[in-house]
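Dear colleague,

Please find below the structure that I am handing over to you. My notes on what was found in it follow.

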Amino acid sequence: MLQIEIDSGSGFCFGVTTAIKKAEEELAKGTTLYCLGDIVHNGMECERLKKMGLITINHEEMAQLHNAKVLLRAHGEPPATYSLARRNNIEIIDATCPVVLQLQKRIRNNYELQMAGAQIVIFGKNGHAEVLGLVGQTAGRAIVIEKFDDVTKLDFTRDIFLYSQTTKSLDEFHRIIDYIQQHISPEARFQSFDTICRQVANRMPAIAQFASRHDLILFVCGRKSSNGKVLYGECLRVNAKSHLIEGPEEIDPSWLVGVKTVGICGATSTPKWLMEQCQDAIRQHASQ
């Protein structure tokens, strides 16, 4: 008989859970609530909240709003967003993750202290909501490096202060640190700040162990999720029979041929109910 296990460590992280809870609480009051960007990188969860009344807007649409209520998601926002809210009399429901808020504060303080000539470097994905919020703390002057190879574009004769997007790979971050330490000029200062969220980082070894236990892995995740890409990559590294799916309709019954155990896991943006739907779909395919 086919065995199916849902990874107990998968699902919403603390920051996402808090943001969704705040949205649900506001919507329950019957108020019109806008959310700046997708509340979570998962289309099905966004659709569920849309049905409850949540209206997702972008920055251009927010600029047209006045006397409204806007929720800021866990990823955080640059100072310009708060300034706009004050100008337009917009009430902010701030669901920025505490880990991200602390990181923003550290970068802002560092920038204000080290403005003259120092490079503030963020290891993260260009254009990602969290990274835009971090770069915004430096009036747009921070340098973003997306991958290890990008480290060569830094000026090693000048001071470097290195931070990381909270959901990046810890191993790659340490490779970047090692490279800078080897190439930095003796006259320049280098400081690194490990700002990777441990709820995400600690999941790497756990999800690898989970993926190695099963014949087939279904990684349920929105394709926009940065954290999902990292975790899925780890599943694929230890188990070649790993598939990234957004929902149960993407399950290919042919994957189940000859399989005795299936593991279902996901990103910090994957709702438990969606993984359970995938479990039900597998059972249905297996019984046919």
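Is glutamate 45 buried or exposed? Glutamate 45 is buried, with a relative accessible area of 1% (buried means under 20%, exposed over 50%, partly exposed in between, with a 1.4 Å probe and protein chains only).

This is a predicted model, in which local features need pLDDT of at least 70, side-chain atom pairs count only at pLDDT 80 or more, and totals for chains, interfaces and linings use all residues. Residues are numbered from 1 along each chain as its sequence is written, and side-chain values use heavy atoms, leaving out hydrogens and water.

Glutamate 45 meets arginine 48 in a salt bridge at 2.8 Å, N to O (a side-chain nitrogen of Lys or Arg within 4 Å of a carboxyl oxygen of Asp or Glu). Both residues belong to helix α2 (residues 43-52), three residues apart; helices (H or I, at least four residues) and strands (E, at least two) are DSSP runs, numbered from the N terminus. Arginine 48 is partly exposed, at 29%.

The whole structure holds 14 salt bridges. Another one joins glutamate 91 to lysine 69, with the closest N and O atoms 4.0 Å apart. This pair links strand β5 to strand β4, across 22 residues of the chain. Lysine 69 is buried, at 14%, whereas glutamate 91 is partly exposed, at 44%.

Yours sincerely
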